[in-house]
Amino acid sequence: MSAVPVRYPERWAAACVVLVLAAMFVHMLFTNEAFNWPFMWDNMFSDPVVRGVGVTLSATVLSMIIGILLGIVLAVMRLSGNPVLVTVAWLYTWFFRGVPRLVLAVLFGNLAILYATIQIGLPFDNYWMPLLGLEGEARFFEIDVRTALSGYMAGLLALALSEGAYMAEIIRAGLQSVDKGQTEAAQALGMNRGRILRRITLPQAMRVVIPPTGNETIAMLKDTALLAYVPVTIELFYQLQAIGTKTYQIFPMLVAACLWYLAITSVLMVGQYFIERRFNPEQRGARIRTVGGRH
Amino acid sequence: MSESDEAVVETTEGAELPSDALVVAENVHKSFGRLEVLKGIDLEVRRGEVMCVVGPSGSGKSTFLRCINHLEKLTAGRLWFDGELMGFHQKRGRLHELRDKEIAAQRRDIGMVFQRFNLFPHLTALGNVVEAPIQVNRVPRAQAVERGMQLLERVGLPDKADVHPEQLSGGQQQRVAIARALAMEPNLMLFDEPTSALDPELVGDVLDVMRDLARGGMTMVVVTHEMGFAREVGDSLVFMDDGMVVESGPPAEVLNDPQHERTQAFLSKVLF
């Protein structure tokens with residue numbers, strides 16, 4: 001057929017406007033002195049910055065691992081049916097989802113005000129030991145909070161505990177998405193609860209859990225910038241800002257921060273795409289799926 | 001059969017069971033909240049017997065089936081499988097619920113096939129079949145795979161071993177589900193409307209597998225609407241309505257000459 005296709009002149013007009021705006025933006029990037037590209041380029045790969053990237057990556061990975069494990073425990077507690085466990089899990093989620101991460105980060109950075117040391121022992125020993133006519137304390141060892149909860153540990157803990165609350169909700173949704181018939185079939189085969197969770201329910205929940213977990217990981221990478229306010233001085237954003245303030249070249253270093261985070265999140269998005277494909281049986285073939293994200 | 005086989009077995013609970021009874025239900029009640037679904041079921045399934053349970057939907061036949069392997073906890077009454085009280089143990093006249101692991105151990109000898117197959121979608125057909133033998137019975141992988149392939153062959157699906165359930169038809173899925181249950185080498189097979197979710201042209205293959213199983217001497221309790229199957233393969237037929245056993249006996253007798261009004265009313269509505 002040789003029908004004349006429908007024309008969309010308004011789309012062409014819009015495209016032209018956008019193109020002009022884009023051209024103006026690129027022109028500005030090259031002509032505005034404040035960008036100081038050579039300075040940025042010289043400094044964004046300096047040793048402390050590269051070490052900062054390492055800290056950012058390790059904080060992301062560790063806080064996600066702790067967060068996921070914690071999330072599994074909390075989700076199982078939420079679904080356990082025991083009123084105490086359900087309530088504790090709910091309260092935990094309520095607190096850590098309700099307080100901004102920035103506030104948590106600063107709060108954990110100041111925990112040493114609350115406890116100078118953490119001692120591990122039997123609870124309430126100062127009350128019941130005298131009652132039994134015993135002297136002394138039932139404490140086994142102690143940790144000095146100021147050294148143990150140094151900047152990095154405090155920040156990591158804040159991020160991981162906060163992540164646990166979000167992961168708990170994600171994993172709970174995943175577990176609930178698995179058909180009840182799956183559990184029944186496994187029970188009928190003589191599998192016990194723990195084995196059903198490990199072998200049948202969790203693997204199927206993964207399909208629902210993986211995509212939002214990918215998003216959480218990317219969000220976490222960006223949230224490691226909050227560590228700068230704990231403060232964690234070895235962290236990427238802190239280092240870039242430090243160079244900026246020291247040299248009065250604040251803007252180039254902020255652009256460097258953007259570029260670093262963009263580069264790493266882009267790598268993570270590619271990883272997310274392949275992991276999602278791996279865990280989605282229907283997509284295991286060659287079919288392609290767009291990379292989505294809510295952040 | 002020798003003298004001793006005929007003798008009654010003294011169970012630990014003190015009840016006397018005929019030695020050839022594999023399942024004994026005694027006054028089994030089950031309520032969901034205030035809704036009483038089973039109102040006192042007394043039944044006996046002998047070793048090697050194929051018992052078909054029929055009745056209108058909501059009559060409690062599936063619930064009774066699920067009581068046998070303790071997927072549903074009885075509200076009252078007793079149920080023995082192979083001389084052992086299911087789901088409870090009796091100590092000083094009181095019933096104590098068994099722990100999860102103990103119940104799991106009891107279920108190992110009872111295979112179950114569900115209306116909606118309930119295959120594990122994250123595993124291949126063979127993976128479904130070998131999962132429980134490897135995980136529960138600690139059978140070495142190679143041995144479980146060999147046995148699993150034999151079972152898939154037996155249900156006519158040796159070429160589907162590496163296929164995931166979503167790529168199988170309903171009939172094929174149900175046959176894999178039967179192989180999965182058989183892999184645990186059960187003494188009893190429970191079928192919960194195994195052909196009700198299937199397209200009509202796929203029902204035959206599944207019934208063939210079940211017929212074959214019955215011929216091999218497997219004890220089976222089959223909740224079904226397939227009256228033809230019940231007549232041909234069943235040793236006994238139980239008609240349930242409103243949570244009670246209304247009538248039971250040899251299938252031909254019950255189907256041809258129903259004694260009870262409710263049985264007559266039900267059978268007149270069923271085409272066979």
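**Helix H9 of chain A.** I started with H9, residues 180-188 of chain A, and listed its buried residues: Gly181(A), Gln182(A), Glu184(A), Ala185(A), Ala186(A) and Ala188(A). Buried here means under 20% relative accessible area, exposed over 50%, and partly exposed in between (1.4 Å probe, protein chains only). Helices (H or I, at least four residues) and strands (E, at least two) are DSSP runs, numbered from the N terminus. This is a predicted model, where local features need pLDDT of at least 70, side-chain atom pairs count only at pLDDT 80 or more, and totals for chains, interfaces and linings use all residues. Residues are numbered from 1 along each chain as its sequence is written, chains are lettered from A and ligands numbered from 1 in the order in which they are written, and side-chain values use heavy atoms, with hydrogens and water left out.

**Asn128 of chain B.** Next I looked up Asn128(B), which sits in helix H4 (residues 125-135) of chain B. Is Asn128(B) buried or exposed? Its relative accessible area is 0%, so Asn128(B) is buried. The side chain of Asn128(B) reaches the backbone oxygen of Leu123(B) at 3.3 Å. Not counting residues up to four places away in sequence, Asn128(B) touches (heavy atoms within 4.5 Å) six residues I could list: Leu119(B), Phe120(B), Leu123(B), Pro165(B), Val176(B) and Arg180(B).

**Cores.** I then checked the nonpolar cores, sets of buried Ala, Val, Leu, Ile, Met, Phe, Trp, Tyr and Cys residues joined through side-chain atoms within 4.5 Å. The largest has 50 residues, and Ile178(B), Met189(B), Phe191(B), Met210(B) and Met220(B) have the most contacts inside it. Helix H7 (residues 200-215) of chain B gives this core its largest share, 7 residues. A second, separate core of 40 residues includes Met51(B), Leu71(B), Leu190(B) and Met240(B).

**Record.** The unreviewed UniProt entry annotates residues 23-267 of chain B as "domain: ABC transporter". I see that span as 37% helix and 28% strand, with its end C-alpha atoms 27 Å apart.

Key:
UniProt positions are given in the numbering used here, feature names are shortened, and annotations may be inferred rather than shown by experiment. A polar contact is a pair of N or O atoms within 3.5 Å; within protein, one must be able to donate a hydrogen and the other to accept it, and residues adjacent in sequence count only if both atoms are side-chain atoms.
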